[in-house]
Structures are given as C-alpha cells and as structure tokens.
Amino acid sequence: MSDLFQEENPSQSATGHKRRLKVLVPFPVEKAYDYAVPDNLDINIGDYVSVPLGGRSTYGVVWGEGDDDLPDSKVKGIREVFALPPMPASQRSHIAWVAQYSCAPIGAVLKMALSAPTAFDPPKPVMAFKRGLTKDRKISAKQQQVLDVMQDDVARRASDIAQEAGVSAGVVKTMAKNGILNTVEVFDAPPCQNPSPHHARVELFEGQRAAGEALVNAVKAEEFKPYLLDGVTGAGKTETYFEAVAQAIKQNKQVLILLPEIALSNAFISRFKERFGCMPALWHSSITPAKRRMTWRGVAMGQTKVVVGARSALFLPFKDLGLIIVDEEHDASYKQEEGVIYNARDMAIVRAHLEKLPIALVSATPSLETVHNVETGRFERLVLPSRFGGASLPDIHIVDLKADKPERQAFLSPVVIEAVREAIDNGTQALLYLNRRGYAPLTVCRTCGHRYECARCTAWLVEHRRSQKLHCHHCGYMMPIPEKCTECDDTDSLAPCGPGVERIHEEIQMHFPDARLAVLSSDTAQDNDALRKALDDIINHECDIIIGTQILAKGHHFPHLSCVGVVDADLGLHGGDLRAAERSYQMLHQVAGRAGREKGNRGSVYLQSYNPQSRVIEALASGDRGLFLETESQEREMAHMPPFSRLVAVIVKSQDEGKMQDFAKQLAMSAPHHEKLQTYGPAPAPIYKIRGFYRTRFLVHADKSVDVQTVVKGWLSSIKCPTSIKIQIDVDPQSFL
Ligand code: ADP
Ligand code: ZN
C-alpha cells in the first residue's frame, strides 16, 4: 500500500501553500493524507469527496485540516464533493476508535462505513409509466389488463406493470408508443421513512412495564446509557424494546436494531411491520446493490428511520441516531473473524457512548461479559420475569446415553423416539437438533483403517449423501464418495462414523415413514429466501418433524412445536476453548426455548448426553441460569481469564510451513513479557492447516490495566514481516481454532 502514497510523504520544503485537508480513503492505510482544496469547492470536515490516488480516482472522507509540509506541486487536489450531509464527528471518532482497539488500519475500518460508494451520487431517475389517452383507442385484451392495473394512477416501472398485469414488457412498450401510457420519471425512495409509533400499540404487560419505561425514558434523555434487557425466550423482550423504538421515532430519531444474520427472518420483519406499519430498512450481506444504495443514502440523509441489520449495519452513517438495540447479544456471529476483526456488540456500545445515546443488549442467555458489566454497575439490568401470557417453560429431561442406549448404528434413544411419536400423535411438531451438516463427520475404511482427510486442511471430510460427495467444511473441497478405498482398493469397505443431520433424517424416516419431514441446514437453505420459505413451512405446520442445525436455534417462534430432542448435547463441550461451556449452555438453552412457546402447548426437551453430570447439562436441567453463570464466572476469575483480564491472539499464516515456523520463532524471541502481561506460544493452531495455509498462534494475556494493543503493535512492528507471511491480530478472541 505504502508506495501509492509516496507523493504525499512529508519532506522539508515550502510553507504558505494553499489550504489543504486530510482525506481518509477506504484502503488499508494507517492515516489520512493531505490534498489541496481547489478554489471553486466549498469543503468541510466530514464531507464525502473524490480524490486522485495512485493514478486512479477514489472516494474518501475529509478527516481534518492538512498539515504536511509538502510543496504545492506535490499535493494533488480534491476533485469533487458529494452533496451529502458530512459524516458526523462522532462517527469519525468511532471509526478511529475501532481501528485503534482492533489494531486495524483506520482506512480498512472506513471501508466498512463506505459500503455503498455508488450511493454518493444522487439517485438517477428511472423510467415509469402512468395512464395516458384511451379515448377512441382500440384496446386489446392484454392492454386492458394493463389499464386495470393502472387504475390507481400510481407510476410504475415497465417490469412491475408487466408482472402485475401478467403481460410481456413488449405490451407495455407498445402502449407507451401509442400514447395509451405516458412516460414519467420517478425516483426510488429510501426505505422506512415513515414508521408509525402508534400503528399497533400493545399495552405492556405488568412485568414489562418497568423495563419499557426505563428504555423510553433513556431515549428521551438522549444520553449514553447501556442496558441489559434480560428475560427468558418469549418473555416479551422484543415487544418491550419496540416501545423504546417507538419513542425514538416520535423524537424523529433514527434507530439501529442489530440481529444475528440468521435471525433476520420473515417473522421478525412481519412483526415489525405489524407494530410500525411499514417494513424496516434491512441491511445484511444479501441485499441487492440497488437496495444497498438507497438504504445507505437514506440513512446518511436521515430519511431512513429504522434499520434492522446484521453486524455490518453498525457502520452505517446515521445522521441522527437515537437508540441502538443489540438483540441476542450473546451471539457469536457478532464477531467478525475476517478482515477487520471486531465484535459488533462491543463496538456498538462504543458507538452509543460516542454518540451519547442509550443502547439495550437483549438476551435470554446473556454473555458472561455482559453479566459482569451488570455486576460491576456499568450496565443496568432490566429483567422480564416470566413468559408473557402464561405459556410455560419446557420440561427438561436428561437422557443418559450410557443407560438409555440407541440401537446399533442409530443415534436416537428409545425415549426420544417415543417423545417424538407422542408429539406428532398430539398434532404438534417435534424438532431434532444436531449442529452437524451432512451425513457423517468421518469416513473410515474398515479394511485398512484409512480416514478421509482434506488435503488442504487439518480436517476430516464430511460425507454428504444428498450430493453423494465427501466435503471439507473449511475450504469447500469435495470429491465423489469413492466406490473403493483410495488406499487399499477394497470395495464396499467405507464406513460412515457418527451422525450428521442427514443421518438423523434417515433414522427418523425409518421410524416415521408417514410423517412429513424437513431437514434444515445451510445445505438445504442455501440463501435467505430458501431459509425463509423453510421457516414459514414450519410455522404453518407443513411438516411434522424437523431435523436441523443451529440455523434453527435462534429467535424463531414455532407455534406448533412441542418437543425438542438434542441429539448430542455434549457436542459443543469438546474443544476446550474458553467459552465452550458458556456457548454450549447458550445454544442448548436457545434450542430448548423453541419448544412450547404457545399457551396450552407445554414443551418438553430431551438432552442426549454421555456426560449428564457436566455443569452445563446440570444447569440446563435445573433451570438455574444464575448458578451456572456464577460458577462459570468464578472459574474464569480464578484462572484470571476474560472478563477479568484481556486476551489478544496473534495468528501467523503462510503457505510455506518452514518460513512460518522461522518467523514465529523470531517473533517469540521478542515477545512481550512483564509482570502484568504474558505471551504464550507459538503453538500450532488446532486447525493447523486451512486452505493450504499453515497457522501458528500466540496468545497475549494481560491485566485489564495494560494497554495491550500498543504493546502488541510495538512488538509486531519491531520485526519485518516477509511478504509470504500474513499476520492477523484478534483482540478479545472468541474462536481459538
Ligand atoms: P421475546 O423477545 O422475549 O422472546 P416476544 O417479545 O417475542 O418475547 O414476546 C413473545 C410473544 O408474546 C409474542 O408473540 C408477542 O407478540 C407477545 N407479547 C409480548 N408482550 C406482549 C404484550 N404486552 N401484549 C401482547 N402480546 C405480547
Ligand atoms: Zn479443506
């Protein structure tokens, strides 16, 4: 990157030059560079501009007054200013803060905020049509269909007319040529401009009222205040924070609701629509470029009022934000693990702080960090006592697999099968949860013992029967399931080991040949639309038994579901990472919470385990979340682990194993150590090889009082990193793979 900026490097020369401003560009640069301000342009700090860069033109944000001491001849001029409200100072501070905290180049963080660059130019009008002259015209049947659609005199695009009227676009064009339709120009409008705070108000339930009032008052106060909104699944948390959203809308403020991507389902959107009378603006990885552009612009102009989005929505350029909600705050998907590595929940708190507004973290299973923040008085906890409307929490049964054994080559114990039978006999649904895609996680040759492993990753190949292939879940490699062993040539010798959802599906099919089954994983629900359709099918009781991965666990409300079976409750407990118990508890609790969410439909949950005495399983069975969190927290404190200390992981990657090891050794020699900070490693990453890259890890463990980012940056900048090696810094790591 640096050579692009040679021309802007400081040198000793002329003073008294033209006015200059610093412009930050969305590339991995560490700082903003000086550009000259042309006389004809009125430019202010925060403005979106275009500037020349390395022979091209790029866009950026004016970051401050220029101060480089370069001669005028060496400084290029700003080319253009876009007619947009400037990026607020609070957002610029946020970008700088995130860069500093996550040890990322500030330009890379800016890039996340400029995620729809084509939105800088005013939207172009699109061609649309209205009714024209019809008097004395011969109108064909097809044309009449079009005219029927156009009754309301609303301008439409040709493609929309054709679709609504069920005719080809050619019909519309001919009508336009003959003057039966008039051509007009229209602009697409930014989404969610007029949500109504009064559209369908609900009276808050007794137990919700105090929490609702606290949040509403916080919005009125327009000050930084973090809350934890805590209550079991179905307690009415969403309804409660909707009150605060309504208040923000009344004050003409904007609202950001962050959700894990997977929870951005129809159900949430239709609920929002019912409550506020319009769709929220959506922001996630699969919205169309046109929507992205309109939304970014609407948010920047202050027209778009409520954005519901996945973690990247945090970097939208809100003009006048009044409230942030982080729903399912414990969810691991708030952590971005690539590029700029950051935790959207934590960075949302920072944004709320800088913009002086309230933020509510919402969860039925809050993270230990958040609970710790409540206990130390940093966050205020608002608790919703019980399930709204009297639907009760499910009964939890522990199935000890050592005692209650599944049949040979099967994975469901007789108790679970009986429970499923009872559920469907009663006209309700059952869900079998297993967070494993495919048919079997491992394939072994019975003759020679060969295990099928990915050539590019430290990982077994997973058998997928649907596609008849062995897949690597890390790099996407796949091969046809071999007819004979690739090692010993024996035929019919390959055996699948362990279950994936496809195998559970097969087992269920055998027991319930007449039941309507649905398998849900990222293989079957490949995009948002497919996922939504599958979820709608479940909600509408189009299936009896659902077999699914974690794609099902979150936030969904399945009114007919009464029985949940967790095939392997021990699964998340292996791997020994810091949060294994916590994550596992959260996940199982969420899955269990899917059962019996409607009144008069008491749910039951079966957890199959070889370790029924484990703390997680016992905590789930007893329903005593407080006790679980307390012991978990004590353990972390004793081990001096987060949230009682800080961790930063440094990952060294290379395709060249030897070079990686040499470099890691070099780093180790200068690794920081002192009384309040230790560096461990290098140690090979648990998944040593991914996509052909070898990986080794350091872990820096520090007291909370240490400015660990500065220490780490100092350490890494002391050694020149060869181009064949990549270094990733992961502050507050969640994944230790
Ligand atoms: P949570 O977000 O805690 O899981 P929800 O807000 O989704 O809970 O509430 C669960 C169900 O109860 C939803 O169907 C919701 O519409 C309903 N509900 C919650 N609070 C109220 C209320 N005050 N009045 C009417 N219905 C409510
Ligand atoms: Zn692989």
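**Contacts and ligand surroundings in a predicted model**

Trainee: Over the ring of which residue does the charged end of Arg465 sit?

Mentor: The charged end of Arg465 is placed 3.8 Å from the centre of the ring in question. A charge sits over a ring if NZ of Lys or CZ of Arg is within 6 Å of the ring centre and within 35 degrees of the ring normal. The ring that Arg465 sits over is that of Tyr439.

Trainee: What conventions apply to the values discussed here?

Mentor: This is a predicted model, in which local features need pLDDT of at least 70 and side-chain atom pairs count only at pLDDT 80 or more, while totals for chains, interfaces and linings use all residues. Residues are numbered from 1 along each chain as its sequence is written, chains are lettered from A and ligands numbered from 1 in the order in which they are written, and side-chain values use heavy atoms, leaving out hydrogens and water.

Trainee: With which residue does Arg465 form a salt bridge?

Mentor: A salt bridge requires a side-chain nitrogen of Lys or Arg within 4 Å of a carboxyl oxygen of Asp or Glu. For Arg465 and its partner, the closest N and O atoms are 2.6 Å apart. Arg465 is partly exposed at 34% relative accessibility, where buried means under 20% relative accessible area, exposed over 50%, and partly exposed in between (1.4 Å probe, protein chains only). The partner of Arg465 is Glu463.

Trainee: Is Glu463 buried or exposed?

Mentor: Glu463 has a relative accessibility of 5%. On that value, Glu463 counts as buried.

Trainee: How many salt bridges does a search of the whole structure find?

Mentor: One of them joins the side chains of Lys253 and Glu222, at 3.6 Å from N to O. Lys253 lies in the loop between α7 (237–250) and β9 (254–258) and Glu222 in the loop between α6 (206–221) and β8 (225–230), so this pair ties together parts 31 residues apart in sequence; helices (H or I, at least four residues) and strands (E, at least two) are DSSP runs, numbered from the N terminus. Lys253 is buried at 12% relative accessible area, whereas Glu222 is partly exposed at 41%. The number of salt bridges found in the whole structure is 32.

Trainee: Which residues are joined into one network by salt bridges that share partners?

Mentor: A salt bridge of 2.6 Å, N to O, brings together the side chains of Glu582 and Arg636. Distant parts of the chain are linked by this pair, since Glu582 is in helix α15 (residues 580–592) and Arg636 in helix α17 (residues 625–638), 54 residues apart. Both Glu582 and Arg636 are buried. The network joined through shared partners consists of Glu582, Arg615, Glu632, Glu635 and Arg636.

Trainee: What is the angle between the planes of Phe242 and Phe272?

Mentor: Phe242 and Phe272 form an edge-to-face aromatic pair, 6.0 Å centre to centre and with 90° between the planes. Phe242 lies in helix α7 and Phe272 in helix α8 (residues 266–276), so the pair ties together parts that are 30 residues apart in sequence. Phe242 and Phe272 are both buried. The angle between their planes is 90°.

Trainee: How much of the area of ligand 1 does the protein bury?

Mentor: A polar contact is a pair of N or O atoms within 3.5 Å; within protein, one must be able to donate a hydrogen and the other to accept it, and residues adjacent in sequence count only if both atoms are side-chain atoms. An oxygen atom of ligand 1 is 3.2 Å from a polar backbone atom of Ala235, and an oxygen atom of ligand 1 is 2.9 Å from one of Gly236. Taken alone, ligand 1 exposes 560 Å², with accessible areas from the Shrake-Rupley method with a 1.4 Å probe, where for residues only the protein chains shown count as cover. Of the area of ligand 1, the protein buries 77%.

Trainee: Which element contributes the largest share of the shell around ligand 1?

Mentor: Ligand 1 is surrounded by 16 residues, the closest being Gln208, Gly234, Lys237, Thr238 and Arg271; a residue is near a molecule or strand if one of its heavy atoms lies within 4 Å of it. The largest share of this shell, three residues, comes from α7.

Conventions. Rings of Phe, Tyr and Trp (its six-membered ring) pair if their centres lie within 6.5 Å; planes under 30 degrees apart count as stacked, over 60 as edge-to-face and the rest as tilted.
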